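This briefing looks at the pockets of one protein model and at the ligand that goes with it. Please keep the sequence and the 3D view side by side while you read.

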Amino acid sequence: MQFFVDTANLDHIREAAELGILDGVTTNPSLMAKEGISGEKNILQHYLDICKIVGPGRDVSAEVISTDFKGMVAEGKRLAEIHENIVVKVPMIREGVKAISYFTEAGIRTNCTLVFSAGQALLAAKAGATYLSPFIGRIDDMGWNGMALIKEIVEIYNNSGFETAVLAASIRNPLHIIDAAKAGADVVTCPLSAILGLFYHPLTDIGLEKFLEDYRKANP
Ligand code: E4P
């Protein structure tokens with residue numbers, strides 16, 4: 001399973017990249033706004049900065065804000081021209097599916113976002129989406145089971161031979177990451193804090209402390 005960070009924060013992206021475990025980045029308009037990035041020129045430059053940090057071969061999802069086919073196509077083309085890492089992120093609406101089909105024909109990679117059902121997952125895969133982003137955390141927030149949707153989509157894609165990668169999104173904690181891996185997700189995108197949460201186990205800290213103490217005793 002690939003690890004993406006879900007952020008537009010350059011320090012977090014750098015920190016994840018330095019760990020040597022980063023496969024890509026996803027962003028969305030809310031995450032860009034959170035970093036204070038606004039205006040088309042600054043937004044495009046920020047995406048370029050992210051691509052340079054992650055390095056070659058690591059996908060960076062950049063989301064369109066148009067909601068009509070023509071607008072999404074024009075915007076998606078501009079985004080795709082920024083850097084070869086860019087994947088155009090398109091919302092799961094009728095015009096979005098049309099745009100994904102267009103981008104597929106044009107050889108532009110896409111990430112279908114705001115996915116909350118197996119039916120939507122089928123439509124995106126039929127249109128040739130490169131990635132599909134079901135929002136696990138937001139489903140859990142409603143009292144439903146986000147991970148059950150990941151399992152359902154993985155089963156459907158395996159049965160039908162779709163090549164669209166299942167990208168578990170809206171991840172809230174380390175357990176979500178582990179469960180997504182168990183459910184067969186191809187990619188997980190999460191805040192840096194959820195990735196760092198995977199490190200911690202008190203027995204590791206206690207064990208390391210004892211090893212070092214014993215070493216110091218034997219090597220006064
Ligand atoms: C996915 O690509 C989205 O950017 C993201 O995972 C949404 O997460 P949230 O529900 O925490 O906003």
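A pocket here is an open set of grid points, with protein on both sides within 12 Å along at least five of seven lines, and its lining residues are those that have an atom within 4 Å of a point. With that in mind, the second largest pocket of this predicted model is lined by P29, M32, I37, E40, I43, L44, Y47, E63, I65, E75, R78 and L79.

**The largest pocket**

- The largest pocket has a volume of about 360 Å³, and of the 24 residues that line it, D6, T7, N28, L31 and P191 are the closest to its centre.
- Two or more residues of the lining of the largest pocket come from each of α2 (29-34), β8 (187-190) and α10 (192-197), and the largest share, three residues, is that of α2.
- By class, the lining of the largest pocket is made up of seven nonpolar, eleven polar and six charged residues.

**The ligand and its surroundings**

- Which residues surround the ligand? They are D6, T26, N28, K89, F135, R138, A169, S170 and R172, and by class this shell divides into two nonpolar, three polar and four charged residues.
- A polar side-chain atom of D6 lies 2.7 Å from an oxygen atom of the ligand, and for R172 the distance from a polar side-chain atom to a ligand oxygen atom is likewise given as 2.7 Å.
- K89 also has a polar side-chain atom placed 2.6 Å from an oxygen atom of the ligand.
- Taken alone, the ligand exposes 340 Å², and the protein buries 85% of that area.

Notes:
Residues are numbered from 1 along each chain as its sequence is written. This is a predicted model: local features need pLDDT of at least 70, side-chain atom pairs count only at pLDDT 80 or more; totals for chains, interfaces and linings use all residues. Side-chain values use heavy atoms; hydrogens and water are left out. On a 1 Å grid over the protein atoms alone, a cavity is a set of points where a 1.4 Å probe fits but cannot get out, and a pocket is an open set with protein on both sides within 12 Å along at least five of seven lines; lining residues have an atom within 4 Å of a point. Grid points are joined across faces, edges and corners, and a volume is the space filled by probe spheres set on the points. Helices (H or I, at least four residues) and strands (E, at least two) are DSSP runs, numbered from the N terminus. Ala, Val, Leu, Ile, Met, Phe, Trp, Tyr, Cys and Pro count as nonpolar, Asp, Glu, Lys and Arg as charged, and the others, Gly among them, as polar. A residue is near a molecule or strand if one of its heavy atoms lies within 4 Å of it. A polar contact is a pair of N or O atoms within 3.5 Å; within protein, one must be able to donate a hydrogen and the other to accept it, and residues adjacent in sequence count only if both atoms are side-chain atoms. Accessible areas come from the Shrake-Rupley method with a 1.4 Å probe; for residues, only the protein chains shown count as cover.
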